[in-house]
Amino acid sequence: MGSGSKLSRRAQLRMYGLRLLSAFFLLPLLAAVSPAQSPTQPVGYPVQLNGQTMFHVRWGVASYTAQERAATITRRLLKVAQDPTIAINVESAPQPGSIVLSTGDVALAGVYPGDAQAENTTQDVLAARWAAAMQQGLIQYRHQYSWRHILLRTAVTLVIVVVCVWLLLLVRRSTYKLANLVSRWLGRRLQASNEKLRSIITPSHINGYVLRIFLLIRILLWIVVLYIAVQLTLAIFPATRGLSQQWLAAVQRPIQNFGATLWNSVPSLTFVILLAYATWLVVKFVRFFFSRVGSGSIILDGFDPAWAPTTRRLVTFGLIVLAVLVAYPYIPGSRSEAFKGISIFLGVLFSLGSTGLVANVLSGIMLTYMGAFRVGDLVQIGETRGWIVSTTLLTTRVRTRKNELVSIPNSIILADKVVNLTAQVAEGLLITSTVGIGYETPWRQVEGMLLLAASRTADASKEPAPFVLVRSLNTFDVTYDVYIHLAPGASVFQASNDLNRNVLDAFNEFGVQIMTPAYVADPATDKIVPRDKWYTSPASSGDAAARAQLDRQQKSGS
């Protein structure tokens, strides 16, 4: 008996398991099938008169569909409403299988049991409901299209037209007066401003821009006035009232969407505005701080004041980029596909066209912090020698001795050798003059003449003293170099010119021939200029003082 009970229990458990398994698979199917089996209300087709829906027809009679029945009832009602000879008195009359609704001798509609079943009511109640709706709709139509109302609507339309024209003229006159007032006010403010602003903006420019702005405002106001006038005119007449409602909905929908979007974006816009204001304050402080560093009011250890402008630009750029990155998710429309497409396009455009730009900017930054030169320095960049006029992140402008203005990209400067002559002059720049003298002249005499020429150079520094080096022993001559230190602030070009002139005078004075360039055979006469030929015409008469000085030096030496 125990074994039998165990088997029965197993059978029961097996049966319960099968039921649960079948329920697990059948429940989704039943859930999907049950909504399709639940009764739904048939689709209704409106019966309208003068744009107003009176009731819906949801049931068709035999091959006569509900849509066709609704259209037929609408045509009959419109015919009765437009015929003033037909009295409006909708009555119901029971017929076999239906209740006929009619006014006078004109049958309007029939109410069938299927109509009542579709509306979940009785046939008599539905017939009374339809009759009352028809009665009210016909009375309203006759009332609206009476001669009294037609004349009244015509008069109101004329009033709307007159008011519209008056408003258009008022807008034109008002905007013109406001434009003149604003132009005069801005002109007075411009006269009270600084001269630089007056040179950029003239009164004629102000008048032109103000007139264009107020012309745009006038056109917008005209469009608003015309739209309101047309909207009111269409709404007055019953035949165009539906079109008026469509126009109103077409205008209201985008305005409502824009208003809702703007309202939803208020928190994000508030954050963006606060972030922009905070960034502006920080940038203003950075500009003030680095202006004081550049002027020397604030001293930072290891920071050259000449770095201040470039550092200010870099810090400002970094702050603006950081602010844009933080504000980007909060900008309205930033997640739209159009915004993303424009961002990608600008990024690709910048990447393709900024290769050389980025290289020059980075080179300009490196040159700034390398301290290779400053504005006003005399430099040698490749084959260009001149004074630095201006430096930017992209180019450096150099003015040569010929007063030519040369713009050199920073990437080229960084790749080439830069010689700063001004910085070396401040520490005692050495300039040299090279001559080749024959072996027959003692080197001590040559050194004496070169030192004499160096001492006659006005911009030569006394300490350290000039010196001479024998650079090479050539085939036909000996090469000598004389070096002088220039005084701080001296002109390199003028000092080199004076030194070379003095060397020529010294060697001619002592009758020693300069042998450079080298020669093959000894000339018949020495290639020197006698003293009495130094100022042969057309030598400048202004050299008389120099001649007198040389005479005095020769007499004192003798």
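# Working through a predicted fold

Residues are numbered from 1 along each chain as its sequence is written, and side-chain values use heavy atoms, with hydrogens and water left out.

**Exercise 1. Work out in which sense β1 and β2 pair, and over how many bridges.**

- Start with the elements: helices (H or I, at least four residues) and strands (E, at least two) are DSSP runs, numbered from the N terminus.
- Next, the pairing rule: DSSP has to find at least two bridges between two strands.
- β1 (residues 45-49) and β2 (residues 52-57) have five bridges and pair in the antiparallel sense.
- Now look at the turn: two residues lie between the strands, and N50 takes a positive phi near 60 degrees.

**Exercise 2. Find how α9 and α10 are oriented to each other, and what makes the contact.**

- Packed helices are described by the angle and the distance between their axes.
- Here the axes are lines fitted to C-alpha atoms over the stretch in contact, with angles from 0 to 180 degrees between N-to-C directions.
- For α9 (residues 266-295) and α10 (residues 308-327), the axes come within 9 Å and cross at roughly 170 degrees.
- Angles under 35 degrees count as roughly parallel, over 145 as roughly antiparallel, 65 to 115 as roughly perpendicular and the rest as oblique, so α9 and α10 are roughly antiparallel.
- Contact (heavy atoms within 4.5 Å) involves residues including F271, L275 and F290 of α9 and V315, L319 and V326 of α10.

**Exercise 3. Check the length of α5 against its residue count, then say what covers its buried residues.**

- The expected span is 1.5 Å times one less than the number of residues.
- With 46 residues, α5 (residues 147-192) should span 68 Å; the end C-alpha atoms are 67 Å apart, which agrees.
- Buried means under 20% relative accessible area, exposed over 50%, partly exposed in between (1.4 Å probe, protein chains only).
- Among the buried residues of α5 are I160, C164, L168 and V171.
- Their cover includes α4 (123-144), α6 (195-200) and α7 (203-236).

**Exercise 4. Decide whether T479 is buried or exposed, and list what T479 touches.**

- T479 sits in β13 (residues 478-485).
- Its relative accessibility is 9%, so T479 counts as buried.
- Leaving out residues up to four places away in sequence, T479 touches T434, V435, G436, L469, V470, R471, S472 and N474.

Terms used. Predicted model: local features only at pLDDT ≥ 70, side-chain atom pairs only at ≥ 80, totals over all residues.
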